[in-house]
Amino acid sequence: MSNRSGRTVVWGHLILLTVIVGVVVAYLLDARGVSLRTNNLLLVQPAAILALVLAAFILPSIFPRVEATEEVETKEEVETKVETRGDLFRIFILIAALAGLAFSLEVVGFDVATFAFMVIGLAVCGEKRWWVIILFSALFTVFLIYGYGTITPFPFPLTIL
Amino acid sequence: MIELDSVYGAFTLLSSDGNAWLYLLPGLLIGLVFGAMPGISITMAMAFALPATLYMDFLPAIIFLTAIYTGAGFGGSVPAVLMGIPGTSSAVATTFDGYPMARKGLHSEALGIALASSVIGCLASYAMLFVLIVPISGVVLKLGPLEMFAVAVWGMLLLGSLAGAHISRGILAGTFGVLLGTIGMNTAGFVRGTVGIPWLLDGVPQIPAMMGLLAASQLIGLINTTYLIEDESSRKISFAKILGGVRQCFRYPTIIFRGSLIGVIIGAIPGVGSSISNLLSYSETKRNAPDGDTFGEGNPKGVIAAEAANSSSEGGAMATMLALGIPGGGATAILLAAFAMHNIVGGPSFIAHNKDIVYAIMFSNFAQAILLFFVGLGFVYVAGYVVRVPLRFLIPSVLVVSTFGAYAIEGSSAGPITLWVFSVLGWGMVRYGYPVAAAVVGLLLGGLLEGNLLRTNQISGGDFIGYGLERPWALVIFALMIGSILLQIVSKRRRAKEAFLSTGSSS
C-alpha cells in the first residue's frame, strides 16, 4: 500500500479490478465487433455494462483516505490474513510452478512435469528434508501416473515412465 | 398413479434374479471412489463401467450403473467437505458450508450430515418418483425455454445471498461469472471472446474453472498454514461424531423435504439438473433460516440443503429418462446407452409396457440408498484422515490431482490451463473480498441463461410479456420465486420485531 496526498492505493486490489474490467471491456468490444444483432448482445451487453457500473462503485474503495486506512487495513486483514513479503514470494513461486505444470504437461511429459512440480511445491510449502522431497515426489508421480492413468479415457503423454 | 400389478411384478423380478443384487455393493464402491476423485465425474465413472454391463442381463446392468450413479453422487461431496473441491457441479453448494465446518474441526459432523442428507434425499426422491413418475413426465414435456430461463434466474438469486460483506463486489463477481459463462459460440451461432483459442468455442471448461476458483485458490492461500484444521485436538476422526452429524440431520426435516422436492423437480428438467438444484435449495434454505447470516461460515443447514437436493436430483433425472427417454445429463445418457446395448428403447412406450421393470429399478434404488448409508459411513471415516495430512504435502498433491482431473475432463491442456487461470483469479478474488462462489454460480448459469433467453426471444419475436402470459408454468415458477422473496422479507421483519420486543422486555 502506498501513501500520497491523503490517499493510499491498495495495489493488489487495483490490479485485480483492472484485470476484471479489462476482460469485460475486451469481451464487450469483441462481441460488438462480431455483430450488433440482438441475438448476439441480448445478455452480454447489459451484463457487461452492469459489471462496469459495479466496478465504478468499487473503485473508490481501492483509494481509501489516510484516516480510513487503518479501518481498511483491519477489514482487509480480516479477509486475507495479511502475509509477509516472504509469504507472498512463496505464493508467487507456487503459482508460477502450477503454470509450469499446466503448460508443460504435454510438452515434457506428465511424469517429468509432475515430478518437477512436486519437488518445487513441497519445498515451497515448507518441507525441509531433501530426501523426503525427492522420495515423496517420485512415489507420488508413479502412483498418480499409473493410478489415474488407468481410469481416465485419455492417455497421458510420458517421457520416462 | 401406482399400478399394484406392476409393483408385484417388480418384486417378483427382484426376488427371482439374485444377480441383480450382486452388483449393488461393487457399483456403490466404484461410484464412491471415482466420485471422490477431483475431475472424475459421475458420467466418467459410469462410462468406465458401461462396457462391463454388455454381458450382464438388462436389470442387473441397470442396477449396477444406477448404483455407481448413487455412489458417485455422494462421493463428490467428500472432497467438497474436506478440501472445498467440488468434484462435480452438483457439489458446489456443499462446499459453501461443508468446507468451513471442516476447517473448524467439525469435519466428522459435516461428513455425517452430508451422508445422511444424501441418503434421505435419495430415498425421498425415489418415493416421490414412485408416486409421481407419470405426472412429472407430463409436466416436463410442457417446459420450454422461458421456463428454463425462469429456473436459471431463480438460481441467480443465490448471488444475493452469496454476496457477503460487500454487496457490490458479490454482484460484480456473479456478473463477471455470467459473462465468462457466455464465452464461445452461443446458440444463435455467434462466436465471441475466444481470442482465437479453438477450445474456447465450446465455452470456458466449467469443471476445471470451478476447481480453480473454489479449491486451488484456497489451497494457494493456505501456504502458511500447517494443517487444514489448526487445532490438533480437533483433527481426530470420530465415528461417534459422524453419527452425531447423522442425528443432527434429522432435526431439520423441513430442509430435507424442501431440498428433495427442489431436487426432484429441477432434476427432472433436461439440461438443468443437479448443478442448479443444490444451489437453489441452498439459497432457499438460507433465505428462510432464522440464522441465515451464518450460512457460508459452517452452518450445517447449508450442507443438508445442498446434499438433499443434489442426491434427490437423481430421482428426477431418472423420471425424465424412464418416462420420456430424454437424458437430462451425461449420467442418464449413459443409462440410455445401456438400454440401447440391450436392445431396449427408453421412453413412453418402455414405461407403458414395462412398468414392472421401472418399479424394480426404483426399488433397487431404495436398497442402494440404504446400503449407501452403511458403505458411506466406512468411506467417510477413512476419507476423513485427509485432515491429518500436513498441508505441505496436501497442497502440492491436491494441486497435481486437480490438474490431472482437469486434463482427464478435457483430454488436452485446455483443462489444466483453465484450472491455473481460475486459480490465480480465485486467489485474487478471495484476497480482496470478492465471493468466488458467486463467480462459480454465474459461470455455471451464464450459458443456460443466454441460451434460453435467446430461444425465448426467437419464439416470442421480442414480445417477452405477451409470450410469458401464454406460458402458465413459467408464470408459476416466477410466482414461486417472487413468493419466496416476499416470504423472506416478511419473516425477516417478523424476526426483527421479535428481537426488538425481546430486547425491550429484557431491559
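**How chain A meets chain B**

In this predicted model, 71 residues of chain A are in contact with 67 residues of chain B, contact meaning heavy atoms within 4.5 Å. Local features need pLDDT of at least 70 and side-chain atom pairs count only at pLDDT 80 or more, while totals for chains, interfaces and linings use all residues. Residues are numbered from 1 along each chain as its sequence is written, and side-chain values leave out hydrogens and water.

**The interface as a whole**

- Chain A and chain B bury about 6200 Å² between them, with 75% of it on carbon and sulfur atoms; this is the accessible area (1.4 Å probe) lost on being put together, summed over both parts.
- One salt bridge is found across the interface, taken as a side-chain nitrogen of Lys or Arg within 4 Å of a carboxyl oxygen of Asp or Glu.
- Arg392(B) and Glu127(A) join their side chains in a salt bridge, at 2.6 Å from N to O.

**A helix pair to look at**

- Helix 5 (residues 85–108) of chain A packs against helix 20 (residues 391–410) of chain B at an angle of about 35°, their axes 11 Å apart; helices are DSSP runs (H or I, at least four residues) numbered from the N terminus, and axes are lines fitted to C-alpha atoms over the stretch in contact, with angles from 0 to 180 degrees between N-to-C directions.
- From helix 5 of chain A, the contact draws on Leu94(A), Leu98(A), Leu101(A), Leu105(A) and Glu106(A).
- Helix 20 of chain B brings Ile395(B), Leu399(B), Val400(B), Thr403(B) and Tyr407(B) to the contact.

Key
Chains are lettered from A and ligands numbered from 1 in the order in which they are written. Helices (H or I, at least four residues) and strands (E, at least two) are DSSP runs, numbered from the N terminus. Buried area is the accessible area (1.4 Å probe) that two parts lose on being put together, summed over both.
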